[in-house]
Amino acid sequence: MSRIAALGRWTELAGYALAGVEVVDARDPEAVRRAWDGLADDVAVVLLTAEARRSLSDPLLPRDRLWAVVPE
């Protein structure tokens with residue numbers, strides 16, 4: 001079974017945890033990149049804050065995962 005993860009500031013993503021999303025508190029660009037690289041293979045969808053999205057270069061994103069930027 002695939003899972004959903006969310007990367008970015010906890011304060012912006014905490015509500016998603018209530019729906020079973022694995023929220024990774026990543027507060028700076030380096031933390032976001034480490035979190036992206038460390039996602040488990042069973043994570044199929046990644047929700048990103050706008051700030052987290054700006055931290056990732058386009059070549060990182062496709063990697064056989066769906067991703068979306070959550071509204072601010």
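This is a predicted model: local features need pLDDT of at least 70, side-chain atom pairs count only at pLDDT 80 or more; totals for chains, interfaces and linings use all residues.
**View 1. Four strands form an open sheet with parallel pairing.** The order is β2-β1-β3-β4, and the edge strands, β2 (22-25) and β4 (66-69), each pair on one side only. Strands are DSSP runs of E of at least two residues, helices runs of H or I of at least four, numbered from the N terminus; two strands pair if DSSP finds at least two bridges between them. β1 (residues 3-8) and β2 are joined in the parallel sense over four bridges.

**View 2. W36 has R65 over its face.** R65 lies 6.0 Å from the ring centre. A charge counts as over a ring if NZ of Lys or CZ of Arg is within 6 Å of the ring centre and within 35 degrees of the ring normal.

**View 3. The largest nonpolar core has 13 residues.** Such a core joins buried (under 20% relative accessible area, 1.4 Å probe, protein chains only) Ala, Val, Leu, Ile, Met, Phe, Trp, Tyr and Cys residues through side-chain atoms within 4.5 Å. L7, W36, L39, V46 and L48 touch the most other members. Helix α2 (29-37), β1 and β3 each supply at least two residues, and α2 gives the most, with four. A second, separate core of six residues includes A6, L13, V23 and L47.

Methods. Residues are numbered from 1 along each chain as its sequence is written. Side-chain values use heavy atoms; hydrogens and water are left out. Buried means under 20% relative accessible area, exposed over 50%, partly exposed in between (1.4 Å probe, protein chains only).
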